[in-house]
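Open the model in your viewer and keep the selection tool ready.

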Amino acid sequence: MTESTDQSSLGTEPAALERFARDRPDLVMVAPYMAYLLFMMVGGKFPEAYLPWGLALRGLGGFTLFWLFRKHLPGLRKPHLGLAIVMGVLCAAGWVAGQKLFDAVGLGGRFFLFPGVPEADDPRVGISAVSWWSQAVLRIGVASVTVPIVEELFWRGFLLRALIDWHRFEKVPLGTFTWVSFLGTSLLSMLQHPDNWAISVLCWFAFNALMYWKKSLLFLMIVHGVTNLALYVYVIAWEDWLFW
């Protein structure tokens with residue numbers, strides 16, 4: 001996908017949607033992530049027996065908006081697939097090792113804006129094997145596909161540029177560096193990961209740095225997806241439910 005995607009190759013779309021995307025390029029980048037968060041809250045209210053449906057809802061909700069607006073996104077650019085896989089595995093290992101280190105030095109508690117303590121309960125307790133594995137597969141699938149797409153559009157595609165020029169963020173080239181946007185997005189990530197707030201900042205440092213290096217949203221989506229996938233493989237293999 002390039003900056004000026006060939007419209008005819010993607011078919012037609014409703015005129016209202018095209019006008020909306022043209023007039024609100026910020027919402028094109030933000031809406032898939034907002035839809036994901038909304039459906040995550042809604043799905044989280046489902047009874048235990050129906051949690052797989054809640055997981056599917058959040059994944060499809062965010063991905064659907066991404067697909068609707070795909071014509072109006074900036075160019076995703078090169079995947080750098082081999083490098084992305086390596087970086088994703090390293091980021092997952094760093095997330096686990098960093099959290100263990102922060103736990104050891106007393107920085108592993110929940111971010112102060114969020115009351116309570118991080119939960120590390122075994123999610124398999126009290127449910128059938130079928131329910132557990134359906135939840136696990138859906139959670140991992142959503143985390144490896146939808147989450148990287150909607151989060152990278154928001155964090156690296158929108159906010160990293162909006163903190164440079166909020167009203168004309170789309171004019172800011174992907175991967176443009178300023179200290180305000182670099183530190184601002186990293187610190188705001190604590191709100192998204194209150195149970196892992198300290199390592200979240202360092203992870204966002206790494207993700208932002210990779211964006212500055214390769215200037216490719218597709219590359220970051222793959223890195224992010226591999227990070228999540230590798231992290232969940234670790235969680236299930238070692239039964240370290242703090243990261244679930």
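Select Phe112, Leu113, Phe114, Leu188 and Leu191: together they make a nonpolar surface patch of about 500 Å². Patches take residues with over 30% relative accessible area and no salt bridge, joining like charges within 9 Å and nonpolar side chains (Val, Leu, Ile, Met, Phe, Trp, Tyr) within 5 Å. Areas come from the Shrake-Rupley method with a 1.4 Å probe, and for residues only the protein chains shown count as cover.

This is a predicted model, where local features need pLDDT of at least 70 and side-chain atom pairs pLDDT 80 or more, while totals for chains, interfaces and linings use all residues. Residues are numbered from 1 along each chain as its sequence is written, and side-chain values use heavy atoms, with hydrogens and water left out.

Stay on leucine 191, which sits in helix H7, residues 179–192. Helices are DSSP runs (H or I, at least four residues), numbered from the N terminus. Leucine 191 has 42% relative accessibility and so counts as partly exposed; buried means under 20%, exposed over 50%, and partly exposed in between (1.4 Å probe, protein chains only).

Next, select Met40, Arg58, Arg139, Tyr232 and Trp244. Of the 45 residues lining the largest pocket, these are the closest to its centre. A pocket is an open set of points on a 1 Å grid over the protein atoms alone, where a 1.4 Å probe fits, with protein on both sides within 12 Å along at least five of seven lines; lining residues have an atom within 4 Å of a point. Which element gives the largest share of the lining? Helix H2 does, with 6 residues. The lining divides into 25 nonpolar, 10 polar and 10 charged residues.

Now turn to the salt bridges, of which the structure holds 9. Each is a side-chain nitrogen of Lys or Arg within 4 Å of a carboxyl oxygen of Asp or Glu. Select aspartate 240 and lysine 100, whose closest N and O atoms are 2.7 Å apart. Aspartate 240 lies in the segment after H9 and lysine 100 in helix H4 (residues 81–104), so the pair ties together parts 140 residues apart in sequence. Aspartate 240 is buried at 13% relative accessibility, whereas lysine 100 is partly exposed at 38%.

Move to arginine 156 and glutamate 152, which meet in a salt bridge of 2.8 Å, N to O. They are 4 residues apart in helix H6, so about one helical turn separates them.

Technical notes
Helix = DSSP H or I, 4+ residues; strand = E, 2+ residues; numbered from the N terminus. Nonpolar A, V, L, I, M, F, W, Y, C, P; charged D, E, K, R; others polar.
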